[in-house]
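Welcome! Please take a moment with the sequence and the model below, and then we can walk through some strands, salt bridges and surface features together.

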Amino acid sequence: MSAIIKTPEEIEKMRVAGRLAADVLEMIGPYVVPGVTTDELNTICHDYIVNVQKAIPAPLNYHGFPKSVCTSVNHVICHGIPNEKPLKDGDSINIDVTIIKDGYHGDTSKMFHVGTPNIQGKRLAEVTQESLYIAIKMVKPGVRLGDIGEAIQKYAESFNYSIVREYCGHGIGAGFHEEPQVMHYGKAGTGEVLKAGMCLTIEPMVNAGKRQCKLLKDDWTVVTRDRSLSAQWEHTLLVTENGVEILTLRSDDTIDRIIEH
């Protein structure tokens, strides 16, 4: 299986889906406060996606996932299932949103700090976001996925953080998860070569402690084995003729939507 090169019509649909996914993360921000439950956040996102955007929350019933967004709090790496536990002051939470509009997927996630940010959590989130930005700025035809993985890994590890290896980014389009797999570690000069028209996600998961993870009994929630904090950011990207377009850019992003080389 190789990456699917998108047609101009498909790219237009990907732009719409990406914009809607970004809008969900912008909408939910004011609700992420001490005392709210992740299940309440899930309901707000679900209602917005279905009733306002007239779109479909892709995670709901995907391989049996029971909710419409993923909420990963503190030491949860990814795929946290929204529940009734209230968020506390100082918590950090990743909200991961994927919507389907006109048959195409937009996939993005963001870190939020609840109340007064935990200093360690804030620093980890900043480094993780910067590792994503470094990777995005490299994207253009001819670059290899190993080049991107190595850059993310080197940057995160320079802060004595570690990269989760069991979960990765992916191609995206009419399928939620398409080829290629996008690793956040690796060796420059290896891996698939990027081509114009490819759509993919980059979504580094970075741990404050060791990289080892554990899958909980619910078969979804992934946590750090040493209970250290974890952070993740994700954007859906389009490889252009001479660079990259970020399809899920938000107003709080500090990177350009279109980067040309």
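**A covered strand and its surroundings**

Strand β14, residues 235-239, is mostly covered, with five of its five residues buried. Buried here means under 20% relative accessible area, exposed means over 50%, and partly exposed is in between (1.4 Å probe, protein chains only). Helices (H or I, at least four residues) and strands (E, at least two) are DSSP runs, numbered from the N terminus. This is a predicted model, in which local features need pLDDT of at least 70 and side-chain atom pairs count only at pLDDT 80 or more, while totals for chains, interfaces and linings use all residues. Residues are numbered from 1 along each chain as its sequence is written, and side-chain values use heavy atoms, with hydrogens and water left out.

**Around β14**

- Both faces of β14 are covered: H235, L237 and V239 are buried on one side, and T236 and L238 are buried on the other.
- β14 pairs with β9 in the antiparallel sense, over four bridges; two strands pair if DSSP finds at least two bridges between them.
- Within this pairing, T201 has T236 in β14 as its bridge partner.
- β14 also runs antiparallel to strand β15 (residues 243-246), and three bridges join the two.
- Here L237 stands opposite I246 in β15.
- The link from β14 to β15 is a hairpin that passes through three residues.

**Other strand pairings**

- Strands of a sheet pair through backbone hydrogen bonds, and the pairing can be parallel or antiparallel.
- In which order do the three strands of the open sheet lie? The order is β6-β10-β13, with antiparallel pairing.
- Three bridges connect strand β10 (residues 205-207) with β13 in the antiparallel sense, and V206 stands opposite A231 in β13.
- Strand β2 (residues 70-73) points C70 and S72 one way and T71 and V73 the other way, and all are buried.
- β2 pairs with strand β4 (residues 92-101) in the antiparallel sense over four bridges, and the bridge partner of C70 in β4 is D96.

**Salt bridges**

- Side chains of opposite charge can pair when their charged atoms come close.
- How many salt bridges does the count come to? The count is 14, where a salt bridge is a side-chain nitrogen of Lys or Arg within 4 Å of a carboxyl oxygen of Asp or Glu.
- One of them links the side chains of D23 and R19 at 2.7 Å, N to O.
- D23 and R19 both sit in helix α1 (residues 8-28), four residues apart, which is about one turn of the helix.
- R19 also meets E26 in a salt bridge, at 3.9 Å, N to O.
- D23 is partly exposed, with a relative accessible area of 23%; R19 counts as partly exposed at 29%, and E26 is partly exposed at 31%.
- Another salt bridge joins the side chains of R123 and E126 at 3.8 Å, N to O.
- R123 and E126 both lie in helix α3 (residues 119-138), three residues apart, about one turn of the helix.
- R123 is partly exposed with a relative accessible area of 40%, and E126 is partly exposed at 35%.

**Apart in sequence, together in space**

- A196 lies in the loop between β8 (178-182) and β9 (199-202), and counts as partly exposed at 23% relative accessibility.
- A196 and N242 are 46 residues apart in sequence, with 7.9 Å between them in space, C-alpha to C-alpha.
- G175 is in the loop between β7 (169-171) and β8, and counts as partly exposed at 21% relative accessibility.
- G175 and Y104 are 71 residues apart in sequence and 7.3 Å apart in space, C-alpha to C-alpha.
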